[in-house]
Amino acid sequence: QVQLEESGGGLVQAGGSLRLSCVVSGRPFTVNTESWFRQAPGKEREFVAAFNRINSDTRYTGSVEGRFTITRDNAKNTLYLQIDNLNPEDTGVYYCAAASKVIDSSNWYISVTHYPYWGQGTQVTVSS
């Protein structure tokens with residue numbers, strides 16, 4: 001099994017920055033893709049960013065590219081999401097997720113149904 005635990009959320013003003021962390025434990029060798037999703041109240045969980053553990057390739061949703069950066073520290077088994085220039089629409093619970101599938105030319109990685117492993121989430125609130 002794989003366990004994921006997010007941290008780093010909080011309350012920030014618009015224009016500020018946060019760095020979210022996701023510690024991966026258990027059997028991480030089974031994981032090839034690690035991603036961030038977010039969910040605002042009353043909205044469906046949406047894809048934010050993905051990281052290919054094989055070649056460090058990344059993917060972003062169009063609304064965050066240029067402001068969000070996904071990285072990984074292999075020594076710490078930790079996935080990060082650096083968020084800059086936050087705006088109120090970024091508010092929501094941010095989740096990390098892991099899957100054995102490998103990122104390819106398809107868009108499977110944007111769908112929550114493809115990820116069997118999820119963290120509990122960390123709240124990000126952006127005030128205006």
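Tutor: Salt bridges and their surroundings

A salt bridge joins the side chains of Arg38 and Glu46, with an N to O distance of 2.7 Å. The term means a side-chain nitrogen of Lys or Arg within 4 Å of a carboxyl oxygen of Asp or Glu. The model is a predicted one, in which local features need pLDDT of at least 70 and side-chain atom pairs count only at pLDDT 80 or more, while totals for chains, interfaces and linings use all residues. Residues are numbered from 1 along each chain as its sequence is written, and side-chain values use heavy atoms, with hydrogens and water left out.

Arg38 is buried, at a relative accessible area of 6%, whereas Glu46 is partly exposed at 31%. Here buried means under 20% relative accessible area, exposed over 50%, and partly exposed in between (1.4 Å probe, protein chains only).

Arg67 and Asp90 form another salt bridge, 2.8 Å from N to O. This pair links distant parts of the chain, 23 residues apart: Arg67 lies in the loop between strand S6 (58-60) and strand S7 (68-73), and Asp90 in the loop between strand S8 (78-83) and strand S9 (92-99). Strands are DSSP runs (E, at least two residues), numbered from the N terminus. Arg67 and Asp90 are both buried. Through salt bridges that share partners, Arg38, Glu46, Arg67 and Asp90 belong to one network.

Asp57 and Arg59 also meet in a salt bridge, at 2.5 Å from N to O. Asp57 is partly exposed, with 29% relative accessibility, and Arg59 is partly exposed at 24%. The count of salt bridges comes to five.

Terms used: Helices (H or I, at least four residues) and strands (E, at least two) are DSSP runs, numbered from the N terminus.
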